[in-house]
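Please open the model in your viewer and display the whole chain.

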Amino acid sequence: MLKTFDLVLIGVMTAAAAVTYTIKHRAELKLEEVHRLEAEIKLEKDTIDLLKADWALQSQPNRLERLVNAYNAELQLQPTESTALVHAKELPMLKSEVPVPDVTEAKASAKGATEAGAKGTTVASAKGAAKTQPVPTPAPRGGVTQHGVVEDEADEIETGSVE
């Protein structure tokens, strides 16, 4: 007859076997996922290499020159003037960065203008103009050296690379 201790040991061994099988099964699933991710990474790297090669073919100067000559009548392309290039800090602000005028100040100045009459309109508008925030302007290009000469920062333009 089986003793209670033997039954407990059989139960522990069965539980240990079940846990071991579960761990092994999870490890195999993770290994399959790793292999799948490695295959996806390899596919993405191959795609990147293919796109780089395609970009190199598409941007060859002799090909571009041939296209410009073929479509020159339709496109009427002109060389870019060096004065047409600007730095990012010279561009105007985004709409999201423009300061929003205070609505209560605008209502108060409009109310004061109607009550004050013709003489008070200039005073009310001057008060309203003093409270509004100034519109920022782009920073001037280049910097001033010790000798008072303005130097251009065109040599300091950072460009990205496909690599």
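The stops below begin with the whole protein and then turn to single residues.

**Before selecting**

The model is predicted: local features need pLDDT of at least 70, side-chain atom pairs count only at pLDDT 80 or more, and totals for chains, interfaces and linings use all residues. Residues are numbered from 1 along each chain as its sequence is written, and side-chain values use heavy atoms, with hydrogens and water left out.

**The whole protein**

Colour the model by secondary structure: the protein has 4 helices and 2 strands, in the order α-α-α-α-β-β from the N terminus. Helices (H or I, at least four residues) and strands (E, at least two) are DSSP runs, numbered from the N terminus. Of the 163 residues, 3% count as buried, where buried means under 20% relative accessible area, exposed over 50%, and partly exposed in between (1.4 Å probe, protein chains only).

**Helix α1**

Select threonine 22, in helix α1 (residues 4-58). Threonine 22 counts as partly exposed because its relative accessibility is 34%. Its side chain reaches the backbone oxygen of alanine 18 at 2.8 Å.

**The nonpolar patch**

Select Leu64, Leu67, Val68, Tyr71, Leu75 and Leu77, which form a nonpolar surface patch of about 500 Å². Patch residues have over 30% relative accessible area and no salt bridge; like charges are joined within 9 Å, nonpolar side chains (Val, Leu, Ile, Met, Phe, Trp, Tyr) within 5 Å. A salt bridge is a side-chain nitrogen of Lys or Arg within 4 Å of a carboxyl oxygen of Asp or Glu. Helix α2 (residues 61-70) gives the most to this patch, with 3 residues. Tyrosine 71 is in the loop between α2 and α3, and its relative accessible area of 41% is why tyrosine 71 is partly exposed.

**The loop between α3 and α4**

Move to glutamine 76, in the loop between α3 (72-75) and α4 (103-131). Its phi is near 50°, a positive value in a residue other than glycine. Most residues other than glycine have a negative phi. Glutamine 76 has 60% relative accessibility and therefore counts as exposed.

Finally, select glutamate 90, in the loop between α3 and α4. Glutamate 90 is buried, because its relative accessible area is 18%. The side chain of glutamate 90 reaches the backbone nitrogen of histidine 87 at 2.9 Å.

Note on methods:
Accessible areas come from the Shrake-Rupley method with a 1.4 Å probe; for residues, only the protein chains shown count as cover. A polar contact is a pair of N or O atoms within 3.5 Å; within protein, one must be able to donate a hydrogen and the other to accept it, and residues adjacent in sequence count only if both atoms are side-chain atoms.
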